[in-house]
Amino acid sequence: MAGFDSPYYATSKPLKSTTTALISSKKGRIFSLALILCLCSLSYLFGLWQHGGSPTTAAASNKIIALPCIPNANTTISTRTESETLDFSTHHVPDSDDDVSLLPDVKTYPSCNAKYSEYTPCEDQIRSRKFKRDRLIYRERHCPEKQELLKCRVPAPYGYKNPFPWPKSRDLAWFGNVPHKELTVEKAVQNWIRYEGKQFRFPGGGTMFPHGADAYIDDIGKLINLKDGSIRTAIDTGCGVASWGAYLLSRNILTMSFAPRDTHEAQVQFALERGVPALLGVLASKRLPYPSRAFDMAHCSRCLIPWDKYDGVYLIEVDRVLRPGGYWILSGPPIRWRKYWKGWQRTREDLNDEQTRIERVARSLCWKKLVEKDDIAIWQKPINHFDCKVNRKFNRNPPFCLPQDPDKAWYTDMGTCLTHLPEISNDQETAGGELEKWPERLNAIPPRVGRGTVNGITAEIFEQDSEVWKRRLSYYKTVNNQLGQHGRYRNILDMKAHLGGFAAALIDDPVWVMNVVPVEAKVNTLGVIYERGLIGTYQSWCEAMSTYPRTYDFIHADSVFSLYKDRCEMEDILLEMDRILRPEGSVIFRDDVNILMKIKKITDGLNWDSQIVDHEDGPLNREKLLFAVKVYWTAPASDATGSTTS
């Protein structure tokens, strides 16, 4: 294959003898055979003597394991002897802290200081002080320069345990995993979180729903239909500990929750410990890292976002990511100010003016206010811009955006212009195409694909991709049997998701998948992933992800390192993977065999257990798989009382 150091041969064949044609007699043939036999015997004996007299050579440390071409779906394939098999199980606390012995030529990576146990490189609280506080720009992504990158392994806090299995994790988390009690005091009356012995309990409360997220969601369900499958993806701005998203999961609604790393210490980290999708993020000056028309529903419950300020730029951004016909839900100030104005310590005039300005911005976006009942107000985005363009002839503020890519959202400035919806043929048509209801939406041809707006992706290719990933997942489970066990894994990251086929194949398992589309990918497919009813984000793997250490139980990396070859250092990507992977978490790499050999050398230095196995189609395929497990280890007990932030 072009671009690699040496050719790869899965099999080798002996050369045909050319001596037969030169021997013309029976006697000559016998003499030649005897001579060859003698030479082979001498060569064998010489080789045996040279290797110390042992007839068996030592196995190579980076060996490739051949698996049966057609594995038995009901059995786990053992690719090593019993003592060599990778251990995918959890043990919480090991009996020994001894490191796995490493090859002499492998670079080892030391442990970082315990103060980095919650290190978030691109949301570092010290670095953020260099940036403007206006519009919370200092809370946006500000990544370290290359010379500032840590070359060490971020430790888990002493006493770290694997999280409770889902759904128990929705309500419980270990104190030792997120040792912060601030929210238990600050939000005590709002039932966000309670400290009970060595555990945190999440009663499901929130600032505007102290009686529980379940009851609050039921109230929303009385105003819009949450049960018919038309609402599948949601975004929660300023999510707290993500109780709203946690309780929507039982209604088959998948929520992307986000909040900044701010004075509410570790709120996103709590969400992730609970097994709920979440990212660090903030509405400030850059677009949210999601495509246009991604979410069926957006939500703000006292999220303290100034929706009426800066020419309505934050509502304009919500409009960009909200699907045609989607809903925006607002509870908290200024909604129902007549009842709460004293408790909010604001004047009635101030709150009334704020609500008036929010209503004005929503109308300028052509949103329709559906209802305001008790503590909840709901607006709906139009299904197309047919009437909007007619009605805005005399009031063009904000103006429609000039031609641009509405899906571009990686370090892209927000704009104070209205994002165009796709063209329609009549006023009843849903711009961009109408989506199927869930669960049919998962496997239906996404409108972006059906309309031919994704370069190189046809309906046939989409369907083939779905079948390929079903087969691949089945193969994965024969190697790592715990991938199919209920509760072993919960938070899963797909580092190069393409069409979301891996996540779709996992849909019946009690997991959620963060589908990443790298910004360096040739084709932007994140909009397709959202049209399938899945969630994800943009990311460059030359930088750190906007999440806490130990976020994911399982990471899938399909051709990631081929994509980033000559773009950034393999070492830095693997150190980032080590940061965001839980102790005893698992990884599957798919890539060219030469690249996997280099990856394995580094993961050995990270003290991961790993083995290379053949492609599911057999040994003739140059692409191989590297299965890896991060070994359990933590900061030492002597650092347990030290600082946990950088």
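Me: Is the disulfide of Cys401 and Cys417 left-handed or right-handed, going by the torsion about the S-S bond?
Reply: Happy to start there, with a predicted model in which local features need pLDDT of at least 70, side-chain atom pairs count only at pLDDT 80 or more, and totals for chains, interfaces and linings use all residues. Residues are numbered from 1 along each chain as its sequence is written, and side-chain values use heavy atoms, with hydrogens and water left out. A disulfide here is a pair of cysteine sulfur atoms within 2.5 Å, and Cys401 and Cys417 sit at 2.1 Å, S to S. The torsion about their S-S bond is about 95 degrees, so this disulfide is right-handed.

Me: How many disulfides does a search of the whole structure find?
Reply: Numbered in sequence order, the bonded cysteines of the protein chain pair as 1-4, 2-3, 5-6, 7-8, 9-10, 11-12. The search of the whole structure gives a total of six.

Me: Are Cys300 and Cys303 buried or exposed?
Reply: These two cysteines form a disulfide with sulfur atoms 2.0 Å apart, and a torsion of about -95 degrees makes that disulfide left-handed. Buried means under 20% relative accessible area, exposed over 50%, and partly exposed in between (1.4 Å probe, protein chains only). By that rule, both Cys300 and Cys303 are buried.

Me: Which cysteine is joined to Cys366 by a disulfide?
Reply: Both partners of this bond are buried, and the torsion about their S-S bond is about 70 degrees, so the disulfide is right-handed. The S to S distance is 1.9 Å, and the partner of Cys366 is Cys388.
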